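Please read this report beside the sequence and the model.

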Amino acid sequence: MAGEVVPEGPDLKEMGEEELWELINDNRHRISLGVRPCIVIPYLRQARVLTEMDEDEILSCHNLTNRCMRTSYMLDLLRTQGRNGAVALLESLMIHYPTLYTQVTGRKPSTEPSRFSGLIKYSELTEYLVRAVTGMQKELQEARCEAGRMSARCASLELEIGQIMEQEEKSRCLQSENERMQRYLCSLQRDVTKLKDEKCDLYIRYTAAIEEQSAVNERLHNLNLQQVYQLQTELQNVQTETDVQKKLSLRCVSTPETPQLQEEVRSLRCQLAKAEKLDPARQDILAQDLAEAIDSQVELAGQLRCYREENEQLLRDKQGLLDQKQCLSLQVEQLTLDCKMHQQKSTMIQSQMRELQAERDQAYLSRDEAQAMIARILAEKDTLRCQLVELQERVFSLQATHNSRQQRQSSDEVEVAWESMKSSCEEFRAPARRRLCRSNAVNPMSLSSSNSEYEDAAASSVRSRNAEPPSPESIRRRQKALNAESSCETAESDYLLDDFVFLPSVGSEDKQTPRFSSSSGSSSCGLPRTLAPPFLVRSRPKAIRVNGRILSISFQGEELLRQLTVVGGNKTGVFVHQVTEGSAAHTVGISNGAQIVEVKYEQNHKALKMVLEDSTLEEAMWALGQVTGLCHLSLRPRQDDYEALLQQLRSCETSSGDSFYVRVNMSLPAGPGGTLAVSCNDILHVTNTQPAGTEDMWYASQVHPCQLLDLQSGTVPNYYRAQRLLIRAIEDMSFQTKKSPKICRVVAQNKQKAVRIVSTGRLGRNPLWVSVEGEKTKSVDSGATSAPKGCVTLMPYTLVTPHYPPICRPVLLLPTVLGRILDKKLAGWQGFQLCEPEVLSSSEHTTRLQRSEILEECEQGRCCYTLQSVEKVMKKGIHCVLPLGLDCVRRLHRSEIFPIIIYVGQTARSARKLRSKLQRHGQSEDQLLACSRSEEPLLDKLPCLYHTVAPDSWCDQTSLLTSLRTIIWEEQKKIVWVEPDLW
């Protein structure tokens, strides 16, 4: 701004008060944003345009919450001072905010005395300017000091950042060195393992050599012993022969052969002596050799024992190190997994809590709106009642006045004409209707018919105001109107529908046969709208409406379940089983074997209708128990079906007429009294919703996965009790998450799913309760208000229907990242084929998109996967492998195609097994885990079951594909259970 030339604006001294304040108000927003009141207030105080009280009010008022509000309030106070306030404000801006002063006034700021207005004396102005300059210098010095401190702080932070970067570089170096040392340690461990293997081989060879040497020594010893034994045997034989020769020589001394014998004896003795001399030496040699062999064997055995002990010690050390390494790795993986599971669980619980809070707020809002609507309706009702009473009084007074006028207006000509016309029209007069007795029953259907009758009566006037004599038709209408007025004065009127008949009232004196009322009679007997409003008109006594094969009966239904009992259910229909004699139901002719199609009654001034044609026994009992006054039952005679149901009940083939299948969304443990233990996602066949001897329980059976056969049976909580248990389970899970992380870790390690969060979504009511409808609007809201109390958002059970798919179902592998890797491998096997995309033109693409035949679009051009490509593969009798995401499931279901959904659970450890495959496809482990975490919560929103593969059930890609093939074969045999799409 210093270098720019600012055009001089008008002189402020020549401007008036309005011009100055107009100039300030034009720049009020700029001044409010740029001026601090605490800076300009001292000058304004010195100029005596603000007082001390004004200063305190500006700076200390609690209502002024920010600087802009304080500045604006200061301008308002200065506006009260007139021109002096404007001049003082501009002078303060010229001193403290010169740039803003130039923008407001268009003049350059100056500190010359001539530029000031004289509100402050010259000495005081000089003193103030000196103080202002001194203050500005101090502020400038403080700002410079602060800038110096900030620069020093920045330098220190930069130094710290540099140190951190150096530490990070060192840590990376240490990490790389650690990895190198680990690789070196692994190589040393491999070398040690090789050396140990070689040493074991040497030990084995040495042991074999020692055993061979010991065998040779033993063989030598045996040979020596055998030779010594032979020599001893020969010696004994020689001695024996010598003895024999001695004896012979003694006997034959004189024989000439004695010298020869003696010679032989001497030779034998020499040989014997030599043998005796040689034998001890050999024995010593053999003994010595044996001792040496034994010593060497003992020494070798000791060495072998030492080597074995050393080897065992090394093996123990190696096993200990491996165990320690494995434990550390398991602890790291466990801590990582626990952290991730805790984060996921906390995120899921927070989202669920947010949903619950939103639902709670919506429920509160709906309750407040309903209460406001009820209050408004009650006020309108009171207003209408007051208006009705006033109108009735006015009508009665008008009738009395009109009757008195007619009596005074008689003349002779009119009387003669009246008598002649009356005699001529006597034959056309309709017979008088029998007066109906009063009854405490009001037909809810008569309200709508009464409105039409009032309109007809009002449209056809019965009074003639012309001067000419009345015609015979006018006289006949007048006579009927007089009869209607007389009946209104003596008793209350009632109106009949065209197809209703009278029934004899119990204890009535006038027992007359029932007769149908004609349409003309009903139209001619109507009263004007002002005479009898619909909710004040008394209805006829008990009546039956005949509509084809359905009978509509109206009677007083106080404590209806004491008047009659019902049997049946949603499969067979709800039948009247017993009727109490003397009750209102017995009086109107309700008998056993009639099916209750619907019941209508009034509650809280609202007409409700409950359709019981397809309702369960529990719903029917609840609906009939809600009747507290007049009710309207629609019955259909089905005696054969009723007798067949009784026969089945007597033969114990079934316990009731209920039969439907549900999917359990929570785990329930077994309890006393035959309570059935069920897990989340189990399918149950409910066969009795009102079992004898139990309360709030259903009788159900588990279903065979491949056939519609009931397995183990027992009782389970009914819908509303299970709903309370589900809410309690969710609360316990949230409390455990906050209370103990160890419990959360144990729950996270448990593979069995405990709770499946399913809400009614856009339905807004319990889908198992389908029989409550409003009488007029047929809206869901009126039915929801009459339904049993309880939360209708969380669903412990969802209705499912069985489907039997064709021979080969499509296969969808999840997570999507893993599916892209395994799809081609799986499609390469026999019996599988990959779904190929189709190239469509723009017109074909638009047409198929409108028909919802496009499952998913490819990233490449106009290629997309269609229903026709899937059906083409299925017609070949093989499995179609779908390289798609979860969005295609609902589109396939609409075409009655039910894919096999397999979700492969992922952990950090299992993701490492697929590292090479992921890198080959341009993916990473983190992307696989993120995809798994994002798609796992969406599986619970699918309207069908899916199969989960545990992450620790496979070790590599081959074993995973083998297990997937087994799972597909097993899933193909199962029944597909599909629930209504509630999302």
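E925 is found in helix α27, residues 925–939, where helices (H or I, at least four residues) and strands (E, at least two) are DSSP runs numbered from the N terminus. The C-alpha atoms of E925 and S910, which are 15 residues apart along the chain, are separated by 9.4 Å. When residues up to four places away in sequence are not counted, E925 touches A911, R912, R915 and L918, a contact being defined by heavy atoms within 4.5 Å.

This is a predicted model, in which local features need pLDDT of at least 70 and side-chain atom pairs count only at pLDDT 80 or more, while totals for chains, interfaces and linings use all residues. Residues are numbered from 1 along each chain as its sequence is written, and side-chain values use heavy atoms, with hydrogens and water left out.

T816 lies in helix α21 and counts as buried, with a relative accessibility of 15%; buried means under 20% relative accessible area, exposed means over 50% and partly exposed lies in between, for a 1.4 Å probe and protein chains only. Leaving aside neighbours within four places in sequence, T816 is in contact with L884, G885, C931 and E935. The loop between β16 (811–814) and α21 holds P815, and the peptide bond that leads from L814 to P815 is cis, with omega near 0°.

Helix α21 (residues 816–827) packs against helix α28 (residues 957–973) at an angle of about 70°, with the axes 11 Å apart; axes are lines fitted to C-alpha atoms, for helices over the stretch in contact, and angles run from 0 to 180 degrees between N-to-C directions. The helices α21 and α28 are therefore roughly perpendicular to each other, on a scale where angles under 35 degrees count as roughly parallel, over 145 as roughly antiparallel, 65 to 115 as roughly perpendicular and the rest as oblique. The crossing of α21 and α28 is right-handed, the term used if the near helix is turned clockwise from the far one by less than a right angle.
On the α21 side the contact is made by L822, K825 and L826, and on the α28 side by Q957, L960, L961, L964 and I968. The residues of this contact divide into six nonpolar, one polar and one charged, where Ala, Val, Leu, Ile, Met, Phe, Trp, Tyr, Cys and Pro count as nonpolar, Asp, Glu, Lys and Arg as charged, and the others, Gly among them, as polar.

## The sheet of β18, β20 and β19

Strands of a sheet pair through backbone hydrogen bonds, either parallel or antiparallel. Here three strands form an open sheet in the order β18-β20-β19, with antiparallel pairing; two strands pair if DSSP finds at least two bridges between them. Both β18 (838–839) and β19 (854–857) stand at the edges with a single partner strand each, so one side of each is left without a neighbour in the sheet.

The antiparallel pairing of β19 with strand β20 (residues 863–866) runs over three bridges, and the bridge partner of E856 in β20 is Y865. Helix α22 (residues 842–850) lies across β18, β19 and β20, and runs at about 125° to β19.

## Strand β8 and its two partners

Six of the eight residues of strand β8 (residues 630–637) are buried, so β8 is largely enclosed by the rest of the structure. Strand β3 pairs with β8 in the antiparallel sense over six bridges, and L551 stands opposite L635 of β8. Strand β6 (residues 594–603) is joined to β8 by seven bridges, again with the strands running antiparallel, and K600 has H632 as its bridge partner in β8.

## Positive phi values in two loops

E559, a residue other than glycine, has a positive phi, near 50°, and is found in the loop between β3 (550–556) and α14 (560–563). With a relative accessible area of 48%, E559 is partly exposed.

D696, also a residue other than glycine, has a positive phi, near 60°, and its place is in the loop between β10 (683–688) and β11 (697–703). D696 is partly exposed, with a relative accessible area of 35%.

## The chain as a whole

The secondary structure of the protein chain comes to 28 helices and 24 strands, and buried residues make up 34% of its 983 residues. Among contacts between residues at least 6 apart in sequence, 72% join residues at least 24 apart.
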